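Hello,

I am handing over the structure we talked about. Please have a look at it before reading on; my notes follow below.

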Amino acid sequence: MLTNDNKDKLLTGVIWSAAVLTMGFLVWILFYIVSNGLAFVDWSFITDNYTRTGDEEGIWPMIVATVYIVLLSIAIAAPIGIMTAIYLTEYAKPGSKLVKLIRFCTEALAGIPSIVYGLFGMTFFVVALGLGFSVLSGGLTLAILILPVIIRTTEEAIIAVPLSYREASFGLGASRLYTIWRVILPAAMPGIVTSLILSIGRIVGESAPVFLTAGMVARIPESVFDSGRTLTVHLYMLTTELYTQHDWDMAFATATVLVLVVLGINLLTKLISKKFSKATY
Amino acid sequence: MSEVNAALQAQETKAALASSKRRDFVEHAFHALFLLSAFIGVASVIIIGFFLVKESAASFQEAGVTGMVFGMNWLPPALYGIAPMIAGSLMATAVAVVIGVPVGVLTAIFLAEIAPERLVKVMRPAIELLAGIPSVVYGFFGLVVIVPLIEDVFGVPSGATILAGAVVLAVMILPTVIAVSETSLRAVPRQYKEGSLALGASKIYTIFNVLVPAARSGILTGVILGIARAVGETMAIIMVMGNTPAMPQGILDSARTLTANIALEMSYATGVHASALYASGVVLLVFVMLLNGTLMYLNREKAK
Amino acid sequence: MNTFEIKDLDLYYGDNQALKSIQLAIPQKQVTAFIGPSGCGKSTLLRVLNRMNDLIAGVRIDGSVKMDGADIYADVDVRKLRMRCGMVFQKPNPFPMSIYENVAYGQKAQGVKDKKTLDKIVEDALRGAALWDEVKDRLHSHAFGLSGGQQQRLCIARTIAMKPDVILMDEPTSALDPIATARIEELMEDLRKEFTVVIVTHSMAQARRIADKTAFFLMGELVEHGDTEQIFTAPQDKRTHGYITGDFG
Amino acid sequence: MNTFEIKDLDLYYGDNQALKSIQLAIPQKQVTAFIGPSGCGKSTLLRVLNRMNDLIAGVRIDGSVKMDGADIYADVDVRKLRMRCGMVFQKPNPFPMSIYENVAYGQKAQGVKDKKTLDKIVEDALRGAALWDEVKDRLHSHAFGLSGGQQQRLCIARTIAMKPDVILMDEPTSALDPIATARIEELMEDLRKEFTVVIVTHSMAQARRIADKTAFFLMGELVEHGDTEQIFTAPQDKRTHGYITGDFG
Amino acid sequence: GETITVSGSNSMTSLMEVLAETYTNKTGNFVEVQGPGSSAGIRAANQGTSHIGMASRTVADSEVEAGVERIVIANDGIAIVVHPSNKVENLTTEQVAGIYRAEITNWSEVGGENAPIVAVTRDSASGTRAGFEDVLSLKQTINGMKVSAISPRAQVANGNGMVKTTSGQNPRAIGYISLGTVDSSVKALDVNGVDALVANVQNGSYPVARSFVVMTGPKTPQYAKDFIDWILSEEGQDIVAKKGYVPAK
Ligand SMILES: Nc1ncnc2c1ncn2[C@@H]1O[C@H](COP(=O)(O)OP(=O)(O)OP(=O)(O)O)[C@@H](O)[C@H]1O
Ligand SMILES: Nc1ncnc2c1ncn2[C@@H]1O[C@H](COP(=O)(O)OP(=O)(O)OP(=O)(O)O)[C@@H](O)[C@H]1O
Ligand SMILES: [Mg+2]
Ligand SMILES: [Mg+2]
Ligand SMILES: O=P([O-])([O-])[O-]
């Protein structure tokens, strides 16, 4: 029979082990990837073209394609998402049927597995609208995919703006629009920026919905109607074609770059929200 | 005299307070714009739903809903049974939950209640990093590390098993479970904790008897979001689970998930075969909707 | 002259009745205090006067509220009403922007853009709120750098800048220290010369110090109202008597 | 006999000093009230007595606090200290479980499992908190079904069930209506027979009604303490006088 | 220059990308290659969504619509591969078929160690798989439709590389991949005693072989057809040979 104190000690031990396990796994994955890949990441790996004749094996075209797709989907989704969040928090009657419908649909969008987005994007944008495998198809598909992330996070940021600001602004006879523009959006800005960066992370990490809509051509897209291969898709392609040790090295190197990109995005989120919160408060 | 004055002032005030229409126009226009934006999300769901149903109709017609959902054999273009894939998805998810949820919840407890603040400052970004790593990287890691490991440890002919998929999924749902659980643990009113400690209860007793029960619905939300993520995961699973379209006999057997089925065959398939893949998507969506429904139900309980 | 005349006012939050057939006249250019125990409806009634309760879903109002003889729940532009009835809240709530921007906010929201006009209005308002001397050298620094008492005066300045007829204050000093409280109470002396002031306070002593008229509420009812001196020295209702002698609350 | 003896106590929240060289003795089996304006440090001092401040990061304490002669900041088991000094909070905070479970909680946390023992303790505690008759038929229904006043008495019962020597109360009636407040005040009469009671209150009237001793705080300092009657009728310090006559606060 | 779009067989992409790049460097016309799989290539040619479709197997008349032209640009063997440590050197076509039908499940049945066989196949509509099934008669008829007879318990890999990784990692695995992609990480078995060599494919003695086919539709522009002509030219066919495939001419 365990005494109370021993039971406490045991449970404390269990909790510590869970934390160690979580961290252990993270360190293991990171170490495995980075230790195998970092040696092959150099400047030319980043800035070189990628050719199948074997002259160049850089990832520059993938970086450019990733940036294009990120910019395009954010440019489409951000205004829509932010305006939706404004509607839900500032205009709609809470609990009305309309809000329920919109919220239900946002939840549904958030729940749809990304492979289904791929399926849909390929049928709708690529074939039905005739956009082909292109940065545009990919950007549109991913825009829908990140819409719920932006809506939810922005909503939370807006709701977190103290009621007292709204009261003060309305109390001074300001209109709703003016209140939103001058007080609410600036105060919610760190949250909004965070939501955008979260979305970037999501886009960078996706693979199936990207290659089913944007294709996988490894060159710098010249227009939004060209196909492009993102970094993650590139890693996926590499892993399905691991022939020589050299192929392995390139896969590890690409994975390392991806991990570093994600790390950079996370740090950026922290930095920006810190900076904003200093600026406004 | 003063009555006349009063009446005059009333009129003046009334006029001064009367609403002006021109200004309201801009307000109305923006109101409409915001509303329109809000409907784009609704429209997207409708279009996606429409296309899925439309595209999957042919296969449901050909094979019948029960023929597909309960069919044991996937041999397009003759047989379109996706029961093995449904089982594969469910088993992989279930095992991932069994592994990932206890570890996740306990880690959340660690972060919210046990860890010194300095450690939390290191761990939280680390866990966010875990959340941001692309699933392809997890799959790659699973393929070259976990799969051979399972071969060695369990002595099975091939390590590409449900267990391998579940381990990878467990790690992938950890960040979701941890983040949501930690938030809800921290949201438990301070009074509960103080009340318990003031009665001389130990920290651990307080955690398991007051904090965790009070945060239960939040923790459940985290678990359900984790399940949704696990059910929807594709690329990592393709790389580690063997993708055999046969009914799995146990967790040390290979299996194919619904998502893997779509990703593996989508670009090849035509006709009814393609339609059957859309049907897999519909089944997947039904799962996720059920999960969402559960979540809404739970949150309604919480609101009470 | 009365600024407000409230007749048969009932107010419900959903099913919960928070105000019960209130009859009350609020005289012009005087300070009227609302007192009563927590939850009795003081804030609710105050917010009826500039229709701030419109922001809360599920609020239902019966009865009539007239401002200078005009029904404010008839077809009026709520924004204009709120410009005429400025409001100061319990916790100082300056906007997260500079001192200047805070005071100019209301005018800018009405479309005033001319810098000179704004400068003048800002200065006048800050003087009116007895804050000018303390901040004139740092008008463009952030409002959050001010102390609690200064922030509250800034909120009063912000309200004065709208040139309202009425200033509504909901426990404006309850979050302040005694010295800051004293400064605001002094300021009230000046304000009453120009504005009709309605103040909610939980401190009977404060009501006694600053109010011309006092209204005592209990559980949504207006128990008694009249001259402050009379309420505190010769209350008509024994509930009022019980409250001011400290039998409950 | 004094239960607590506090000497030269300084307390800092980070750099902010919240208590300044407090000297205070709290006598056994009497009711001691802490009064003073908001933020003066009443709650902080109360929480010093059962080391509840340990939970807050960055708190630093100098000086000595002795309970029955033993230094509670020396090497003591905090859990045992807290069992001896029960605490009742401002807002009733029953746990989200049944009435019975709430009262039995503390004993269970000590490892008591025997049903009979627990039943007895629960009944005694509920009787002690004058709640037994109201809840005896629904011991196993959820505590949130009780009214605010009942919940607060449940929290007192929960504390009594630990058989403490001291009960610390932080504004225990400020969230309650007058009738519930009256019931709790009645209960205090009984409690003082068995326990040393320390109560923080913002209502001077309440302090006067229930306390044997009163201590008046201002900005972290103990201005004056002594017999309640004396503090209210013949305060030694003019700040005390100013406060009780309503000049500030 | 113009952009020529090519899509289809995954096995053909590694060859096609080299051809494309050489051609682009030569003419300035960009060739875009997507490699989702042979069936997608056939569909692309039928629907005209790409200029050129690719299939790594023979395409039947019934599969293409009128106006779609099929051109063989190369021939390729399908290598049966195992882990380099596997002692088995040779299998007959019957044995291979037996393994994939799951009639042979242990390496000892075909002269190897006593260990279970892990069969790895490609996804159901891969050209490599179709070619493999054709040659080994791995077909069965169900509901009047010809479908694969490969056991559903065989693992499915979504590309030549994935098959290779699995066979190269697992000593019990067997798989099949395009001969042009074989290297030292796996061991290619002899089939019916014939070495898996390009020469043996060319002279017809190696039994498991298929054609690389490109398809053009009525909408395919001349500049895309020029690309195919160039592939069939000496220069193009040289590259085919250099990459380890059998030239069509
Ligand atoms: N937004 C709201 N929704 C529902 N009920 C409310 C709301 N605001 C106030 N109430 C209820 O209306 C009643 C009156 O509240 P009000 O805030 O006017 O009291 P008060 O006299 O200002 O009290 P206090 O001194 O605590 O500020 C209370 O019972 C309160 O619970
Ligand atoms: N957790 C904390 N961290 C930092 N400062 C604190 C903390 N809690 C209280 N303080 C500060 O310590 C001082 C005393 O606070 P305390 O809560 O003891 O006052 P109080 O007399 O109980 O006031 P009230 O009547 O409002 O409850 C205040 O200035 C307060 O801001
Ligand atoms: Mg109020
Ligand atoms: Mg306090
Ligand atoms: O060449 P395939 O990828 O279709 O086998």
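Is E:Thr220 buried or exposed? Keep in mind that this is a predicted model. E:Thr220 counts as buried because its relative accessibility is 8%, and buried means under 20%.

As for its place in the chain, E:Thr220 sits in the loop that runs between β13 (209-216) and α7 (222-232) of chain E. Two polar contacts of its side chain go to backbone atoms. A polar atom of the E:Thr220 side chain is 2.9 Å from the backbone oxygen of E:His51, and a polar atom of that side chain is 2.8 Å from the backbone nitrogen of E:Gly217. Leaving aside residues up to four places away in sequence, E:Thr220 touches E:His51 and E:Lys225.

The other site is in chain C, around ligand 1. The residues there include C:Tyr13, C:Ala18, C:Ser38, C:Lys42 and C:Ile56. Sorted by class, this shell has 4 nonpolar, 5 polar and 2 charged residues. Helix α1 (residues 42-49) of chain C supplies the largest share of the shell, 3 residues.

One is 2.4 Å from an N or O atom in the side chain of C:Thr44. For the side chain of C:Glu171, the distance from an N or O atom to a ligand 1 oxygen is 3.4 Å. At C:Cys40 a backbone N or O atom is involved, 3.2 Å from an oxygen atom of ligand 1. On its own, ligand 1 has 640 Å² of accessible area, and the protein covers 61% of this.

Regards

Notes: Residues numbered from 1 in each chain as written. Chains lettered and ligands numbered in written order. Predicted model: local features only at pLDDT ≥ 70, side-chain atom pairs only at ≥ 80, totals over all residues. Heavy atoms only, no water. Near = heavy atom within 4 Å. Polar contact = N/O pair within 3.5 Å; in protein donor to acceptor, adjacent residues only side chain to side chain. Areas by Shrake-Rupley, 256 points an atom, 1.4 Å probe, with all protein chains shown as cover. Helix = DSSP H or I, 4+ residues; strand = E, 2+ residues; numbered from the N terminus. Nonpolar A, V, L, I, M, F, W, Y, C, P; charged D, E, K, R; others polar. Buried < 20%, exposed > 50% of the residue type's maximum accessible area, 1.4 Å probe, protein only. Contact = heavy atoms within 4.5 Å.
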